Amino acid sequence: MSKTPVLQAVGVTKAYGRVIALDGADLELFPGEVLAVVGDNGAGKSTLIKCLSGAEIPDHGQIILDGQEMSFKRPQDGRQAGIETVYQTLAVAPALDIASNLFLGREMRKPGPLGSIFRMIDSSGMRKAAKEHISALGIGTIQNISQAVETLSGGQRQAVAVARAAAFGQKLIILDEPTAALGVRESRQVLKLIESLRERGMPVILISHNMPQVFEVADRIQVQRLGKRAAVVTPKSHTMNDVVAIMTGAMTVDKKDQALSPVR
Amino acid sequence: MSQETTNYDASAEFQDRATFSQKMQAVLHKYPWLSSTMVLVVASITFSFFNENFLTPSNFSLILQQVAIVGAVATGQTLIILTAGIDLSCGAIAIFSSMAMAKLVQGTPAVEGDGLSIWIAFPAGLLVGALAGAINGFLVTKVKLPPFIVTLGTFNIFLALTLTFTKGTVPANEMPPFLLTLGNYVNLGPFRVTTGVLFMIAMYIVLAFALRYTSWGRHVYAVGDDIDAARLAGISVNRVLMSVYIVAGVTFALAAWIVIGRVTVASPNTGGDLNLDAITAVVIGGTSLFGGRGTIFGSLIGAVIVGVFRNGLTLAGVDLYFQLMAIGVLIIFAVSVDQWIRKARK
């Protein structure tokens, strides 16, 4: 496994007025791994991933994607660069069908003058492609690709959002508390999806509050504390209690004991 | 850590015990225009019992002519309501545009015969509609005011501007033939309608195509459905809203063209109540005031339903006040059905 990170954040700082949300935060995401980012409220998890996805512009520090320094101004820039984000708020349009949601904002056009002059969208082509994306992720519970998203359960809706990210994310996928709004069984579906993303070699950053879930799917766990990276551990090297202790500052981990290089 | 102990699949549950009314709800949910079409068919059959002249081609031609203007305004109104907005200024924009066209082509009464070419005056009238729409769009997207308030304000402003611009007078000179085109009659088999009716139907076809078969159309629905989800999906929400208000402004100006054809003059005093008529047509046509749900052809059906009720009740000898009451009942019925449908899958 290569040692160069897909995505790297170096000394990222972000302040909102006098509140310092990020105080020189670092992060490395290696190819094919699931990196969980955990931390107490206000530890800077959300701000960090917003800086990575382009939703916020950092005050200082570098975001390096595949060895190139990035300067994202808008979420669209991050998306353009191949970073897809899935939000906890089930960001799908309920009345539109699954295929339309998968391609929302990136519709396929019909070939030839129908597409170029009349700007007709290729509905059947999108349905076909959507079906492939959905089945590639092993989401067997969705049978009809042209059914409206509002007829799906919360887990299935989130699956559609994840499938959308997987279909268009070239470099990596960020999942921002994807299970926060879901029940137990629905969360399980999403965790399965994360595993199938890893099987396909797609690097994933998972932001979560849910320790058991983090310990189940993550390869490495980055613990944020007071706007900085407190430690990076693995589910094997440390227990949930250790992680909580690091989060609250009750425990510190020596640099040499941390999992700063890829474990997969 | 919150852990739910029970969790069952609500949709599976739903399918297991779907009653007739639930199935009905689901069907209407999928095809929102269905209920309005049924109302139209039932109403037409009922009225034909009261007067044998009702269900005749000539009577239906008349109804279509009567609804051509409201139908045309309802196209733009539908677009705006699909984005969960509303436009109270549509009638004012239509009058503003029609007065702009008429005044520019005829010149000011003080200086006789200094009018512009119709090929400048007509596009200028459309431009007035587009600009008025752009002002509404700007206030909604940039100043972030609710569409209801914005258009309530601009409704008055556009009316005031029109009255200032025309000093409240009706342009007295003969209109150029081009502006009257949409008042000409054509025979289509047994039907004899104005070209304005055909023009209105053409507007529906063009916008229905755009809504159904282009990315823009999907985005209009997505923005009305869930604006945050649309934004997170990478849609430039403000650009979509802006385009909707501008396109709607142009449709109102085109409706003004039909108005001029029908009444052969441009008057600053007619059409102020077009806004409520157009909203009525859209709502009866099954488009949800909460956005994201409905079809544009539903609004055409809605406009025709209002026309059919007015005409049918008149032919049946029903008092005008009761006609108004019937339209009122119809609106409340349509919105109740919409609410009921929306509850279906929540």
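These questions and answers cover a predicted model with chains A and B.

Q: Does the radius of gyration of chain B agree or disagree with what a compact globule would have?
A: Chain B has 346 residues, and a compact globule with that number would have a radius of gyration near 20 Å. The C-alpha atoms of chain B fill a box of roughly 85 × 55 × 35 Å along the principal axes. The radius of gyration of chain B is 22 Å, which agrees.

Q: What percentage of the contacts in chain B between residues at least 6 apart in sequence join residues at least 24 apart?
A: Chain B has 15 helices and 2 strands. Of its 346 residues, 47% count as buried. Among the contacts between residues at least 6 apart in sequence, the share that joins residues at least 24 apart is 77%.

Q: Which element gives the largest share of the side of chain B that touches chain A?
A: The contact takes 25 residues from chain B and 25 residues from chain A. On the chain B side, the elements giving two or more residues are α1 (10-16), α10 (215-225) and α11 (227-232). By class, this side has 10 nonpolar, 7 polar and 8 charged residues. The largest share, 5 residues, comes from α10(B).

Q: Why does B:F50 count as partly exposed rather than buried?
A: B:F50 is found in helix α3 (residues 34-50) of chain B. Not counting residues up to four places away in sequence, B:F50 touches B:L315 and B:A316. A buried residue needs 20 or more C-beta neighbours within 10 Å, and an exposed one has 12 or fewer. B:F50 is partly exposed because its count inside 10 Å is 14.

Q: How far apart in space are B:F50 and B:A255, C-alpha to C-alpha?
A: B:A255 is one of the contacts of B:V73. B:F50 and B:A255 are 205 residues apart in sequence. In space, C-alpha to C-alpha, they are 33 Å apart.

Q: Which strands stand at the edges of the sheet of 4 strands in chain A?
A: The order of this open sheet is β2-β1-β4-β5, with antiparallel pairing. The twist averages 30° from one strand to the next. An edge strand here has a single partner, so one side of it is left without a neighbour in the sheet. The edge strands are β2 (19-29) and β5 (68-70) of chain A.

Q: Which residue stands opposite A:L65 in β5(A)?
A: Strand β4 (residues 60-65) of chain A pairs with β5(A) in the antiparallel sense. They pair over 3 bridges. Opposite A:L65 stands A:Q68.

Q: What is the bridge partner of A:R225 in β10(A)?
A: Chain A also has an open sheet in the order β6-β7-β8-β3-β9-β10, with mixed pairing. Its edge strands are β6 (83-86) and β10 (228-233). Strand β9 (residues 220-225) runs antiparallel to β10(A), joined by 5 bridges. The partner of A:R225 is A:K228.

Q: What angle does the direction of helix α7 of chain A make with that of β8(A)?
A: Helix α7 (residues 184-199) packs on the sheet. It touches β3, β7 and β8 of chain A. The angle with β8(A) is about 160°.

Key: Residues numbered from 1 in each chain as written. Chains lettered and ligands numbered in written order. Predicted model: local features only at pLDDT ≥ 70, side-chain atom pairs only at ≥ 80, totals over all residues. Contact = placed C-beta atoms within 7 Å. Nonpolar A, V, L, I, M, F, W, Y, C, P; charged D, E, K, R; others polar. Rg over C-alpha atoms; globule rule 2.2 N^0.38 Å. Pairing = 2+ DSSP bridges. Axes fitted to C-alpha atoms, helices over the stretch in contact; angles between N-to-C directions.
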